[in-house]
Amino acid sequence: MADVEYLQSIIQRHADFPKKGIDFLDIFPILRDPLAFETLITHFVHHITSQTIPKSLRKKVDVVVGLDARGFLLGPIIALRLGAAFVPVRKKGKLPGECVSATYEKEYGADTFELQSDAIQPGQSVIVVDDLIATGGSAKAAGELVKKRGGVTIEYLFIIEIMFLKGYQNLDAPAYSIIQYLD
């Protein structure tokens, strides 16, 4: 079984969560399985080193940005493997010090993300990572924060993409997802 099919077989679908009409795709079974988790991280790192970095202007990744909260589970490991910094993007009021903010619409409401002002330097190459892209609102907000600090987002990474919502169309850089769901 190829890694994509293997990972897809482990993800669990929960109907009507967090509210009626929404199917929640649960990545936590992957994290509970060390082989699956290693497969996931290795897949992302291979993609970045074989596809993303060779196409980038600076030929390296300086910063991996992880979105609150599941991006925190993936981002530090990917950053460590790439020799890059990890920077969290958090919900408003959760980070100390001076922050920049961006507000976005999600599938079920509005929210605000923040990034510490000194976390990304002008010209740094950035990858943004999260578990899932639906409408692309939260990823777009993270990209706006990177841009406000002068960074350059070279790619957005997701475990799962909900294809019919076309969230990637809202992003300012290419997006890569391991698993695509049509519905």
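Predicted model: local features only at pLDDT ≥ 70, side-chain atom pairs only at ≥ 80, totals over all residues.
1. **Strand 5 against strand 6.** Strand 5 covers residues 99–106 and runs antiparallel to strand 6, with eight bridges joining the two. Two of the partners can be named. C99 has Q116 of strand 6 as its bridge partner. V100 is bridged to L115, also in strand 6.

2. **Strand 4 against strand 6.** Strand 6 spans residues 109–116, and strand 4 spans residues 85–91. These two strands pair in the antiparallel sense, over two bridges. K91 has its bridge partner in strand 6, namely F113.

3. S117 sits in the loop between strand 6 and strand 7. Is S117 buried or exposed? Its relative accessible area is 9%, under the 20% cut-off, so S117 counts as buried. Beyond its neighbours within four places in sequence, S117 is in contact with E98, C99, V100 and R149.

4. **Helix 3 on helix 4.** Two packed helices are described by the angle between their axes and the distance between the axes. Here the axes of helix 3 and helix 4 come within 10 Å and cross at roughly 55°. That angle makes helix 3 oblique to helix 4. The crossing is right-handed. Which residues make the contact? Helix 3 supplies F37, E38, L40, I41, T42, F44, V45, I48 and T49. Helix 4 supplies L73, L74, I77, I78, R81 and L82.

5. **Helix 1.** This helix covers residues 3–10, and its buried residues are Y6, L7 and I10. Viewed down the axis of helix 1, the buried residues fall within an arc of 95°, so they line one face of the helix. An α-helix has 3.6 residues a turn, so residues three or four places apart point the same way. What do the buried residues of helix 1 pack against? Their partners are strand 1 (12–14), helix 2 (28–32), helix 3 (34–55) and strand 9.

6. **Cis peptide bonds.** The bond from F17 to P18 is cis, with omega near 5°. P18 belongs to the loop between strand 1 and strand 2 (24–26). The bond from D68 to A69 is also cis, again with omega near 5°. A69 is placed in the loop between strand 3 and helix 4.

7. **Positive phi.** K59 is a residue other than glycine with a positive phi, near 60°. It is found in the loop between helix 3 and strand 3. K59 is partly exposed, at a relative accessible area of 49%. K166 is another non-glycine residue with positive phi, here near 50°. The loop between strand 8 and strand 9 holds K166. K166 is partly exposed too, with a relative accessible area of 42%.

Notes. Residues numbered from 1 in each chain as written. Heavy atoms only, no water. Pairing = 2+ DSSP bridges. Helix = DSSP H or I, 4+ residues; strand = E, 2+ residues; numbered from the N terminus. Buried < 20%, exposed > 50% of the residue type's maximum accessible area, 1.4 Å probe, protein only. Arc of directions from axis to C-beta. Contact = heavy atoms within 4.5 Å. Axes fitted to C-alpha atoms, helices over the stretch in contact; angles between N-to-C directions. Parallel < 35°, antiparallel > 145°, perpendicular 65-115°, else oblique. Left-handed = near helix turned anticlockwise from the far one by under 90°.
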